Every structure is written in structure tokens, then in C-alpha cells.
Amino acid sequence: MASRPVLLTAEDDPAVSRAIARDLRRRYGQTHRVVRAASGPAALEALRELTLRGEATAVIMADYRMPGMSGVDLLEQAMDIQPAAKRVLLTAYADTDAAIRAINEVDLDHYLLKPWDPPEDRLYPVLDELLEQWARHARPGFDGATLLGHQWSDKTQQLKEFLASNQVPYRHLRDPEAAAVRRAAGLSDADLPAVVMPDGVVLRRPGLRELAQRCGLATTAGSQLYDVVVIGGGPAGLGAAVYAASEGLRTLLVEQSAIGGQAGQSSLIENYLGFPRGVSGSELAQRARDQAVRFAVEALTTAEVVGVVPHGDGRVVRFRDGGEVTAHAVVLATGVSWQRLPAAGAETLAGRGIYYGATAHEAASCAGEEVYLVGGANSAGQAALHFARYAKRVVMLVRGPDLRRGMSEYLVARIEAHPAIEVRTGTEVRSAEGDGRLERLVLAEPGTGRREVVPATRLFVFIGASPPTGWLGEAFQRDPRGFLLTGPALLGEDGQPPPSWPLTRDPYHLESSVPGVFVAGDVRAESVKRVASAVGEGAMAVTLIHRYLETI
Ligand SMILES: Cc1cc2nc3c(=O)[nH]c(=O)nc-3n(C[C@H](O)[C@H](O)[C@H](O)COP(=O)(O)OP(=O)(O)OC[C@H]3O[C@@H](n4cnc5c(N)ncnc54)[C@H](O)[C@@H]3O)c2cc1C
């Protein structure tokens with residue numbers, strides 16, 4: 001919940017300061033927080049801290065005569081830190097002329113003569129009006145993290161995606177508010193992107209791991225030995241982790257970026273059992289994560305696994321940061337990742353107008369814009385409908401001749417009926433151009449030979465997914481596209497497991513070519529690419545793990 005707006009007072013006389021605070025609390029104590037400072041510099045410091053903590057300051061009341069810094073100077077400097085705050089100068093009768101001059105010089109909102117007894121007549125009416133004016137335009141205070149960075153910077157985009165997909169409440173400020181927070185934090189351009197945490201701590205150009213740690217997310221394992229290590233925090237991994245932990249297995253869930261996997265990017269999953277009106281991927285991920293935590297699953301983020309190696313009866317799991325843990329059994333649930341767009345210039349502009357997949361939050365920032373989207377499968381269709389709720393126009397670029405080839409009928413029907421979505425079939429992106437950010441796309445229609453240059457600022461790519469399994473050693477058998485072979489798919493024409501298989505029994509149904517290492521979800525060859533089946537395979541892998549553990 002956002003904190004109450006602040007009424008900040010600067011007064012060097014302790015008795016007067018207490019009296020002001022008493023009057024303010026009497027009328028505004030329920031709705032506002034009164035913060036007192038004993039000098040101009042102390043008030044500026046308090047204002048900086050409030051700004052960094054995302055607290056909104058509604059009114060600043062400063063005494064005209066204070067040693068060190070006058071009230072007028074304070075109010076002038078305060079404007080740079082909280083430009084929206086209403087500024088009131090407190091004066092004695094003798095200083096009235098100076099106060100009137102200050103109104104013009106530093107654009108004061110009001111001056112008040114001390115003493116103001118009774119406050120009902122001489123203080124509250126003035127403040128009521130100022131607070132009303134402030135509330136009409138003010139942004140409420142904000143309890144989450146504040147991201148500062150250029151909209152078209154890939155690094156800013158990366159931080160934004162990380163915060164969003166890990167369900168960390170955040171706001172991405174634009175100028176002039178961003179400039180005010182930058183000044184309050186003393187940040188230069190070289191410090192960007194930066195994140196100001198809710199407690200006011202400023203992270204300059206943070207890496208994802210540092211950010212994760214600051215957000216209270218675990219990034220390294222708490223112990224050396226587990227019953228099960230699940231690699232990948234998508235639906236399959238979450239399913240496996242929840243079932244394993246609920247059945248008493250000591251479980252570590254390892255995710256390289258954000259819990260939720262691809263499903264976390266889905267704006268509305270409509271075909272998952274038990275959610276008749278659909279459920280957003282991020283909500284499903286959040287619920288599954290809570291469930292996993294409730295069953296005492298230890299979950300890591302920003303922890304990339306780079307190796308799984310058998311060692312006796314144990315399976316050693318190696319992390320990119322050099323750490324390792326040992327498990328009795330492992331579940332590989334590493335899913336798939338988007339293929340890169342094979343168009344000239346696309347790599348340079350990734351994160352600067354070209355995005356792979358899209359988390360649901362991205363759509364709101366496209367309000368009133370024209371958005372291009374590449375892909376013709378369900379994920380692209382779902383995204384097009386979601387973007388069309390915000391964007392002025394969504395143009396889907398589909399290489400094939402017909403949407404129906406790769407998309408469910410219910411999505412095709414909605415897309416065709418949507419007035420803001422245009423589908424261009426038989427169309428490819430040849431190149432992406434722009435100076436530091438996407439500005440133009442060169443489109444081609446191979447069927448007709450037509451070429452066209454269109455202005456474009458945002459292109460979302462949803463094309464064919466490939467399994468990131470290159471890091472697994474030769475011992476893990478894959479199909480030609482890199483999907484992992486399991487169970488019966490490992491048996492040759494003679495019905496025998498591969499020569500490297502060390503046991504007399506055949507591999508269990510979801511077991512890879514390395515005993516004790518199971519595979520679940522999209523990364524498995526011939527798997528059904530759906531949330532429900534991924535979760536189901538995760539659960540099934542745990543049943544097979546129990547069977548496996550009885551044999552070692
Ligand atoms: C936009 C979109 C919409 C979709 N809509 C639907 C829908 O409506 N209905 C439906 O049923 N399905 C839908 N899907 C498909 C569904 O999301 C996937 O089938 C499902 O997420 C697969 O789950 P998974 O756990 O196997 O893999 P993923 O969800 O891909 O998760 C794998 C996870 O493993 C992590 N990982 C990979 N390598 C490593 C490593 N080396 N170390 C640590 N972690 C690693 C990844 O970061 C990722 O988080 C949609 C997919 C997308 C992209």
C-alpha cells in the first residue's frame with residue numbers, strides 16, 4: 001500500500017516546530033504523515049530521502065528566518081527534488097514584505113503569518129486548498145522499486161523484464177519525475193540504468209544477480225546435498241518441485257532468470273484446467289511459486305546451471321558462478337527459448353525496439369502506438385490480442401500463407417474479428433534499421449517479390465522455439481533439433497538402450513540417457529507444448545524419481 005503523503009516542516013525554534021506539528025497532526029494526522037526538520041539543509045536531506053523511498057511530499061512549510069539557509073532558499077532548492085510539492089513560507093508580521101517578494105521570485109504557493117491561532121480560521125483553510133490542488137495532479141507515493149534509465153536502452157529493458165517477471169513491484173519513471181529522483185540520488189548519466197530500492201538504497205548499473213539479492217531473492221544454494229535438484233522454473237520445473245517437496249524430498253529449484261518460464265509471459269492462459277475465465281501467466285507463476293515455498297522448496301533465481309555430471313550415485317549440478325551441489329536425482333525442465341530474428345540489424349536493435357517474447361506488462365507501455373509482431377503460432381496470437389487492448393494498431397507479420405496453419409481456431413477467429421489487428425501473411429522481416437533504436441523495418445513478400453519500408457518503433461518476435469541444451473554433455477542424447485530423448489525414445493531399432501546406458505533395466509519413461517536425470521516439459525522430445533502437460537510431466541517425473549531412488 002502506498003504510504004501517506006508527507007507534510008514537511010522546516011523550523012529552527014523547537015517550541016514553534018512542535019506547535020506546528022501538533023496543529024498539522026490534529027487535522028491531517030489520519031491522512032498525512034508529518035515530518036519535522038530543524039534547518040534548511042536537514043529539510044533538503046529529509047526530502048531527498050523521502051523521494052528515494054518513493055514517498056510523495058504534498059506540502060513543504062519553511063520558516064523564513066533560519067540560520068544557515070533561509071526558508072526562501074530551501075523552498076527554491078526543494079523544487080528540484082519534489083517539483084509537485086506545494087511550498088509555503090512561514091513568516092512573522094515584520095517579514096511580510098520579504099515574503100511577498102519571494103512569492104514572485106521563487107514561485108511560492110502561499111505564505112502564512114505566525115502565529116495562526118486559531119488554526120481553523122488561518123491555517124487549515126489554506127492547507128485544505130493546497131492539498132486539494134496537489135491531490136488533483138499528484139502521483140501517489142510508491143512502495144516498490146524505482147527504475148531510472150533510458151526507454152530505448154537494452155540494459156534498462158533487461159532490468160525492467162527482470163523486475164516484472166519476478167513480480168517485484170516497480171515503476172519506470174520518465175522525466176520530469178525521473179530527473180527529480182536522479183537529482184535526489186546524485187546520479188549522473190554514467191550511473192544509469194539505476195534502481196532505487198524501497199528503502200532508499202540506490203543501485204547504480206546493477207547486474208541481475210545484485211538486483212535479485214537486493215529484492216530478497218535467493219541466488220545461491222543453502223546446502224550441498226539435496227534429494228532432487230530441479231533445473232528450470234517454468235511450469236514443468238514448478239510442478240516437479242511442488243510434488244517432490246510435498247512428498248518429503250529435499251528439493252532445490254534452480255532458475256536462471258525468473259520463476260514462471262515462458263508461461264510467465266502469457267497474458268492470458270485460457271486452456272488451463274480450473275480457470276474458467278483464464279489466468280495470466282504471471283499470476284499462475286506467482287501462485288505456483290507460493291505453493292513451492294509453502295512446501296519448503298528452496299528456489300534460486302539468476303542461477304544458471306552449466307553442467308550435470310554423474311558422480312557415483314550422486315548427480316553433480318554445476319552453476320555458472322563456479323558453485324555446485326549434489327543431488328540423488330535431477331529434473332531437467334529447461335524449456336525452450338525464442339529463436340533470434342534472422343534479419344539484418346535485428347541483433348543490434350534487440351532491447352532497443354526489438355523484443356523477444358513479451359511479458360504482459362509491456363503492452364501497457366505501447367498505449368496509442370503502432371506495434372509489429374512476428375510469428376503465427378498461439379503465443380503470437382495471444383500477444384496480438386493483448387497488445388490490441390492498448391496499441392492503436394497491431395500488425396502481425398506471418399511468413400506462412402494462412403494463420404490457421406499454426407494457431408488455434410479460437411484465437412484466429414478473435415484476431416480476424418479485431419478491428420485493430422492487421423494480419424500480413426506471406427511476409428518476412430528482411431532488415432531492421434534505426435539510429436540507436438528501431439525506426440524502420442524492411443518487409444518482403446517472397447511470393448510477390450514486393451518490398452516495403454515501414455516506420456516502426458516496436459517489434460515483438462514470437463518465432464519458433466529451440467531448446468537450450470547445448471550445455472549438456474555428450475552423454476545426454478538429443479534429437480536433431482536438440483530436444484532431449486527420454487524413455488522409449490532412447491531405445492534403438494533392436495529395442496535396446498544406447499551403448500552408454502550403464503544399467504540392466506531400460507530407462508524409465510521420462511528418464512534421460514543418464515540414469516537418475518529426468519526430463520519434463522517443452523525441452524523433452526515429442527512433448528506437448530502446453531502448460532498443463534508440462535506440469536503433469538513434472539509431477540510424473542517425481543513418481544519415477546521415487547522408483548529410481550529405491551534402486552540406488
Ligand atoms: C506467450 C506465450 C503464451 C503461451 N500460452 C499458452 C497457453 O495459453 N496455454 C498453454 O497451455 N501453453 C501456452 N504457452 C506454452 C507454455 O507456456 C509452455 O508450454 C510451458 O511454459 C512449458 O513449460 P516448461 O517448464 O517446460 O518450460 P519453460 O516455461 O520454457 O521454462 C523453462 C525455464 O527454465 C529456465 N532455464 C533454461 N535453462 C536453464 C539453465 N541452464 N539453468 C537454469 N534455468 C534454466 C528458463 O529460464 C525458463 O524459466 C505459451 C507460451 C508463450 C511463450
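How do the residues of the shell around the ligand divide into nonpolar, polar and charged? In this predicted model, the shell holds 15 nonpolar residues, 14 polar residues and five charged residues. There are 34 residues around the ligand, and those that come nearest are Glu 255, Gln 262, Asn 271, Gln 382 and Asp 522.

On the backbone side, a polar atom of Ala 236 lies 2.9 Å from an oxygen atom of the ligand, and a polar backbone atom of Gln 256 lies 3.1 Å from a ligand nitrogen atom. The side chain of Asn 271, a residue also listed among those that come nearest to the ligand, places an N or O atom 2.9 Å from a nitrogen atom of the ligand. On its own the ligand has 990 Å² of accessible area, and the protein covers 94% of this. Two or more residues of the shell are given by each of the helices α10 (235-246), α12 (378-387) and α14 (531-549).

The protein chain as a whole is described next. Its domain assignment gives four entries: domain 1 (6-137), domain 2 (145-214), domain 3 (225-336 + 467-549) and domain 4 (354-465). Between the C-alpha centres of domain 1 and domain 4 the distance is 52 Å. The C-alpha trace of the chain spans about 105 × 60 × 45 Å along its principal axes. Its secondary structure consists of 14 helices and 26 strands.

The chain has 552 residues, of which 52% count as buried. Its accessible surface comes to about 24,800 Å², and carbon and sulfur atoms account for 51% of that surface. Among contacts between residues at least 6 apart in sequence, 63% join residues at least 24 apart.

Gln 30 is placed in the loop between α1 (14-28) and β2 (33-37). Its relative accessibility is 77%, so Gln 30 counts as exposed. In sequence, Gln 30 is 26 residues from Arg 4, and the C-alpha atoms of the two residues are 8.6 Å apart in space.

One joins Asp 175 and Pro 176, with omega at about 10 degrees; Pro 176 is in the loop between β7 (170-172) and α8 (177-185). Another joins Leu 192 and Pro 193, with omega at about 0 degrees, and Pro 193 is in the loop between α8 and β8 (194-196).

Gln 167 counts as partly exposed because its relative accessibility is 29%, a value between the limits of 20% for buried and 50% for exposed.

Technical notes
Residues are numbered from 1 along each chain as its sequence is written. This is a predicted model: local features need pLDDT of at least 70, side-chain atom pairs count only at pLDDT 80 or more; totals for chains, interfaces and linings use all residues. Side-chain values use heavy atoms; hydrogens and water are left out. A residue is near a molecule or strand if one of its heavy atoms lies within 4 Å of it. A polar contact is a pair of N or O atoms within 3.5 Å; within protein, one must be able to donate a hydrogen and the other to accept it, and residues adjacent in sequence count only if both atoms are side-chain atoms. Accessible areas come from the Shrake-Rupley method with a 1.4 Å probe; for residues, only the protein chains shown count as cover. Helices (H or I, at least four residues) and strands (E, at least two) are DSSP runs, numbered from the N terminus. Ala, Val, Leu, Ile, Met, Phe, Trp, Tyr, Cys and Pro count as nonpolar, Asp, Glu, Lys and Arg as charged, and the others, Gly among them, as polar. Domain bounds come from an automatic or database domain assignment. Buried means under 20% relative accessible area, exposed over 50%, partly exposed in between (1.4 Å probe, protein chains only). Contact means heavy atoms within 4.5 Å.
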